[in-house]
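The text below takes the sulfur links one by one.

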Amino acid sequence: MRRTTFLIPYLGTALILVSPGLACAGDIPVPTPKPPQVSKPVEATVPPVTTETNRTGPSACQSELQAYGVTFKPMPSVSDPIGCSIADPIEVTALGPNIALSPAALLDCPTALKLTSFIRDDAQKITISTLGSTIASINQASAYVCRTRHGATKLSEHAFGRALDIASFTLSDKRVILVQAPPANEPKTKLFLDLVRAKACGPFTTVLGPGSDPDHALHFHFDLAPRKGKPFCQ
């Protein structure tokens with residue numbers, strides 16, 4: 001019998017068919033296998049690492065606050081197109097084991113640290129000596145707010161988390177001391193407010209309150225505005 005060979009192209013390789021009964025293993029050519037393809041490694045694109053994202057633990061400022069027993073939560077850095085910004089922002093809910101801050105205040109960490117040391121080392125002593133009690137909580141009226149100063153185009157220190165407005169103090173005996181011009185029949189309250197305000201001038205670079213202007217008639221404004229000269233206190 002005559003051998004008949006057919007070549008059928010199949011996916012780029014010739015497939016050989018032979019008549020039944022006449023083919024054996026040595027008759028069929030085996031194509032040489034192609035070497036495996038090796039893909040070129042792709043370099044991973046690594047985004048630039050910033051100081052904030054590279055931080056593996058609390059900042060030095062945050063570590064100091066932890067030592068004071070301050071209750072706070074680290075927050076993402078703040079940056080706004082108009083210029084408002086905070087590099088090391090934290091949300092503070094207590095200035096120590098026994099001094100609540102309400103509502104929670106978003107502040108620049110160094111400002112929170114300055115506030116904590118002032119309340120603990122100065123305001124608390126004044127409270128004991130004038131009112132015979134201690135500060136249990138502070139009601140704040142404004143912390144970080146991205147805005148300009150009242151009636152001006154310059155950004156407020158609130159826009160950098162460097163300012164806090166205090167509306168009232170609640171004492172451990174439940175008394176509430178409002179930051180406003182006190183009645184004439186409450187000389188101890190007036191003395192307390194006057195001494196706290198005077199003592200804050202120095203630790204803070206700006207101190208305003210009742211009598212400074214209509215905008216500060218019902219709260220203390222403490223901030224850490226950068227100044228070359230003396231603090232501005234009214």
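A disulfide here is a pair of cysteine sulfur atoms within 2.5 Å. This is a predicted model, where local features need pLDDT of at least 70, side-chain atom pairs count only at pLDDT 80 or more, and totals for chains, interfaces and linings use all residues. Residues are numbered from 1 along each chain as its sequence is written, and side-chain values use heavy atoms, without hydrogens and water.

The whole structure holds 3 disulfides. Number the bonded cysteines in sequence order, and the pairing reads 1-3, 2-4, 5-6.

Start with cysteine 61 and cysteine 109, whose sulfur atoms lie 2.1 Å apart. The pair joins helix α2 (residues 60-68) to helix α3 (residues 109-131), across 48 residues. Helices (H or I, at least four residues) and strands (E, at least two) are DSSP runs, numbered from the N terminus. Buried means under 20% relative accessible area, exposed over 50%, partly exposed in between (1.4 Å probe, protein chains only).

Next come cysteine 84 and cysteine 146, with sulfur atoms 2.0 Å apart. Their link is right-handed, with 85° about the S-S bond. Cysteine 84 sits in the loop between β4 (78-79) and β5 (85-86), cysteine 146 in the loop between β8 (135-142) and β9 (163-171). Cysteine 84 is buried at 1%, whereas cysteine 146 is partly exposed at 29%.

Last, cysteine 201 bonds cysteine 233, sulfur to sulfur 1.9 Å. This link is right-handed, at 95°. Cysteine 201 is partly exposed at 33%, and cysteine 233 is partly exposed at 31%.
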